[in-house]
Every structure is written in structure tokens, then in C-alpha cells.
Amino acid sequence: MLKPIPIKDDLFYIGVNDRTKHLFENLWPLPKGVSYNSYLLSDGKTALFDTVDICYSDIFFHKLEIALSGRPLDYVIINHMEPDHSGSLGLLRNRYPNVKIVGNKRTADMVQGFYGITDGVMVIDDGDELSLGKHNLVFNLTPMVHWPETMMTYDTIDKIIFSGDAFGTFGTLDGGITDTQLHPERYYDEMIRYYSNVVGKFGSPVQKALEKLSALDIKMICSTHGPVWTIDEQIKKVISIYDKLSRYEGDEGVVIAYGSMYGNTEQMAETVAYELAQQGIKEIILHNVSKRSHSYIIRDIFKYKGLIVGSPTYNNKLFPEVEYLLSKIEGRDMKHRYFGYFGSFTWAGAAVKRLAQFALDTKFEVIGEPVEMRQAMRHDTYDACISLGKAMAERLKQDR
Ligand code: FEO
């Protein structure tokens, strides 16, 4: 059976890898899997940081038992209640009836609601401290990153932040646990996808949390997903990724997301992309919304400042997959994008009207003239798509 992995003399990784699930939250593809991280700090008192998805409780409890080496489990600190982390909590209480469950008042409410546990719960508030012996823990409440009870726990002695989902990534830990044992580059795009898909709506609470963290000297980040960050340069990088994403700041580049039933609307997308490239824009990503999972389109929309959406008219509405994408963009309160749009129809146009409304609702800066095509591309439509691409490129270049 698997064993706990020591990170420091008294800190053990007892998380698990999930290479089975196809969809995280039953929504987001997991081609590289995901890890559910849990840690045991073995001091004068023992403290566990979060548990794991219940599907992996057997392996988890085995590792925990070895890491405890016959000692009692004194505390389980709940930084986040979503069941990918709290799923094994009920079983944990059955196995360790004397363990104190530590969380804030919102955590306590969810512990009761999800698991029916009301006793042995220690309710802490922002800034409260808990001494384990040598180590001293300080609780930082960081609500809405991305649930209301989310918090981060700071070990003032080893300067470790147990950050919950924050700074987490998709992708399993294939042997290595810390950034010294693996290639961090492998995880950055999956960190952006994790953030934009799961946390993306909550830019303002994330900014507040980062402000709180800026007062701390952080030597290690122990998140609930992905690598443990220990290298100073990597710690700075992951914090800066979160900072940039939560301010909805994009790089120079354009995502062109389009629907197309028979390839006519796709030709509009290709033409706009061609002109962007002619104008010197290098990062141009075309996504066919019917083929590419929205998870990746959302990731790229968070990465780049320019967004162009194109759609055929379908049943006097937007093409359904494009409408679904718009709902995901709106659901994340996406801000600060340069927005262009185009649409097509065969006998009555509706797509461009709907995209115009979307631009108003999101308050995106509309770039160029929207292009509307009837049936198939002719010279005037081609020229209008070229103009749209040129206008977007010029707007982006103003920010250089
Ligand atoms: Fe990893 Fe919000 O759960």
C-alpha cells in the first residue's frame, strides 16, 4: 500500500491522485487527472489539513494511519468544505472520534449540513491562533475563494500557507510532489484553466485574499490541488498568475470563438484571423465551439485581451453552443475585454442582434463594426471581416 510522503521532518503529504474521473465538478475535463492534497503536521499535537474525495478514502486513511505512527489525531483543519476535500470527513470522525474539527462559523454550518456533525467542532475567527507545540497556526478567513467558508491557514514557524483551492491546478502528481521534484511548466496552463473555470467569477474576493497574504512571509504553498510550491521564484509566479487573473488582465492576443454548421461562418473567423496575423498579432486562437470544450475556451479568454465571437442564426436565436459559451463568460463576470463579433443567417438574422446585447450586458469595449453575412461569403463580407480584424489589431497595439 502507498505510504505518506515526507515534505519536511514533521510534515507529510497524504493526498491522492484521481486519474479516473472524466469531469471535475462533473463539468470540466480532466485529461491529466487531478490530485486531492491533504497534509499531516506531526507536532506536539497532530493536525490534518483537509481530507480527500470520498472515492479515495481507503488509500487516504491508510496513509494517515502510517503518518500518525500510533499517535492520536488531534485536529483536522478544514480550509474548504467542497466535497472533493471534505468528502472523507464523516468517515474520519468515525475513525478518530476525538478529533477536533477546526473551521469558521460557515464551515461549522456546512459540517452539520453535509455530515450531520455538531459536536467536537472548534469554531475559529479571522486571525485566531492555534499552537500545536513548536508550530503555531494562524487562520486567515478568505471568503468566496471560491465558497463562503474558504480560509487559509498559516504556519508562522515554517512560514507555510495551507491555501485550500487557491494556487491549485488540474493535473496529477506523477511521483514528484514539490516543485523541486517536477517541471512546474507542466502545470501553469492547467492552473489558469482551474482558476478560470472554478474560481473565475470571484476576482474581487481573490484580490482581497491576496492583499491579506501580502503581509505574510511565505516559504511554501500547500494547496489542495497540484504541486507544493517551495521555490521562491515559483511562489512569486503562482501568486502573480492569481493576481493577474483575478484582475481580469489579459495578454496581447485574440480568441476567436465561433459556431459554424457548414463552414460559412468559419470562413468569417478565418478571414478575421488572417488579418490579425497580417497586422502583427501573434497570439490568435480559433475555437470551434462545437468541438472544443468550453473549459479551454474560457481559459483562453482569461489569458487574452481580445475576444471575437461569431455565430450562425439558429431557430431565430444564437447557435446553441455559442449561447452556452456566452452564459459561461457572463457567469464569470468577465471584465476588460476588447470585443468584436460577427454572425450569419440564411433567411432572417438574429445572431448579430444577440451578440450586440451581450456586448452591452458585459460592458466590453466593442471594437470595429460587427459583420453580418447572408448565406455565404462575398467580397463585401470578406472586406468587412478584414476591417474587423484590422480594428482589433490596432486596438491591441495601442496598449503596447
Ligand atoms: Fe477543490 Fe473548491 O474544491
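User: In which loop does Met144 lie?
Analyst: This is a predicted model, in which local features need pLDDT of at least 70, side-chain atom pairs count only at pLDDT 80 or more, and totals for chains, interfaces and linings use all residues. Residues are numbered from 1 along each chain as its sequence is written, and side-chain values use heavy atoms, leaving out hydrogens and water. Helices (H or I, at least four residues) and strands (E, at least two) are DSSP runs numbered from the N terminus. On that basis, Met144 lies in the loop between β13 and β14.

User: What is the phi value of Met144, and is this residue buried or partly exposed?
Analyst: Met144 has a relative accessible area of 26%. Buried means under 20%, exposed over 50% and partly exposed in between, using a 1.4 Å probe and protein chains only. Met144 is therefore partly exposed, and its phi, positive although the residue is not glycine, is near 70°.

User: Which peptide bond is cis?
Analyst: The bond in question has omega near 15°. Its second residue, His146, is placed in the loop between β13 (136–141) and β14 (151–155), and Val145 is in the loop between β13 and β14. The cis bond runs from Val145 to His146.

User: Which residues does Val145 touch beyond four places in sequence?
Analyst: Val145 is buried, with a relative accessible area of 5%. Its C-alpha atom is separated by 9.4 Å from that of Gly200, 55 residues apart along the chain. With contact taken as heavy atoms within 4.5 Å, Val145 touches Thr150, Ala166, Pro205, Val206 and Ala209.

User: What is the phi of Tyr248?
Analyst: Tyr248 sits in the loop between α7 (232–246) and β17 (251–258). Its relative accessible area of 5% makes Tyr248 buried. Though Tyr248 is not a glycine, its phi is positive, at about 55°.

User: How are α5 and α9 oriented, and how far apart are their axes?
Analyst: The contact involves, among others, Ile192 and Tyr195 of α5 together with Ile298 and Phe302 of α9. Axes are lines fitted to C-alpha atoms, for helices over the stretch in contact, with angles from 0 to 180 degrees between N-to-C directions. α5 is roughly perpendicular to α9, a class spanning 65 to 115 degrees (under 35 is roughly parallel, over 145 roughly antiparallel, the rest oblique). The angle between α5 and helix α9 (residues 294–303) is about 100°, and their axes are apart by 8 Å.

User: Which residues does Arg93 contact beyond four places in sequence?
Analyst: Arg93 is found in helix α3 (residues 89–95). With a relative accessible area of 10%, Arg93 is buried. Its contacts are Val99, Ile101, Ile117, Asp119 and Gly120.

User: How far apart are the end C-alpha atoms of residues 254–393?
Analyst: An unreviewed UniProt entry places the feature "domain: Flavodoxin-like" at residues 254–393; such positions use the numbering adopted here, feature names are shortened, and annotations may be inferred rather than shown by experiment. The span is 46% helix and 26% strand. Its end C-alpha atoms lie apart by 9 Å.
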